[in-house]
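Look at the sequence and the 3D structure below. Then read on for a short tour of its strands and cores.

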Amino acid sequence: MTFQDIFTSKFLENMGTTSLLDAALALVLAFALGLFIFAIYKHTYSGVMYSASFGASLIALALITTLVILAIQTNVVLSLGMVGALSIVRFRTPVKEPMDIVFLFWAIAVGIVLAAGLLLLAVFASIFIGLVLLIISTRRNPVNPYILVLHCEGEDAEKSARELVGKQSRSMKLKSKTMLPESIELNYEVRLKDDHTDFLKELSAIPGVGHVALVSYNGDYLG
């Protein structure tokens, strides 16, 4: 068969068949693995603001990808049309967490593999990936970092505040220092000895310290 014969024959009109049972099994497994991906994402999330909608979208993404691949493998014309339609889609929602991209590709890969009929591969690979991510998440530093924002009126207030914070934290690192017309803005990355933040009252009572803020921090926002 030549290239020209493909377009003069009934090749493009041929429809493959996907049994309803196979499609249903693939979609059920896609839903189950989507739930598994969502559970791993929720357990290993280390960002500041957890998004439940993003976690739920992982389940939907696995299901939709499975549905699309099941559809396009039945007909050549349909597959070409689907590729053309998807090529004009533009996703403008920013992905703030690098690990979110991993979970997006994971959900898409699960849908593709399931629709291809490799059910056992999808299940075992997902379990393996989930275990790897769980192991990686347990290797994180158990002491949560914070960003401490201080406004000091002079160097004496800055020195007193730094000494107090140093006594209450395991480690502290100056991230930025901004000289304002009437004050100095300091941003410290601190790891507290415990979860108690009562020292903030004592810190704000230091003469010359006008503003104190403690913000949860995952290490990605300030350089």
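This is a predicted model: local features need pLDDT of at least 70, side-chain atom pairs count only at pLDDT 80 or more; totals for chains, interfaces and linings use all residues.

Residues are numbered from 1 along each chain as its sequence is written, and side-chain values use heavy atoms, with hydrogens and water left out.

Start with strand S3, residues 184-192. Strands (E, at least two residues) and helices (H or I, at least four) are DSSP runs, numbered from the N terminus. Seven of the nine residues of S3 are buried, so the rest of the structure largely encloses this strand. Buried means under 20% relative accessible area (1.4 Å probe, protein chains only). S3 has the two partners below; strands pair if DSSP finds at least two bridges between them.

| Pair | Sense | Bridges |
|---|---|---|
| S1 (residues 145-152) and S3 | antiparallel | eight |
| S2 (residues 169-179) and S3 | antiparallel | nine |

Leu148 stands opposite Tyr188 of S3. Ser176 has Asn187 as its bridge partner in S3. S2 and S3 form a hairpin, with four residues between them.

Now the cores. A nonpolar core is a set of buried Ala, Val, Leu, Ile, Met, Phe, Trp, Tyr and Cys residues joined through side-chain atoms within 4.5 Å. The largest has 18 residues, and Leu148, Leu150, Val190 and Leu203 touch the most other members. S3 gives the most to this core, with five residues. A second, separate core of 16 residues includes Phe54, Leu58, Val110 and Leu114.

Key
Buried means under 20% relative accessible area, exposed over 50%, partly exposed in between (1.4 Å probe, protein chains only).
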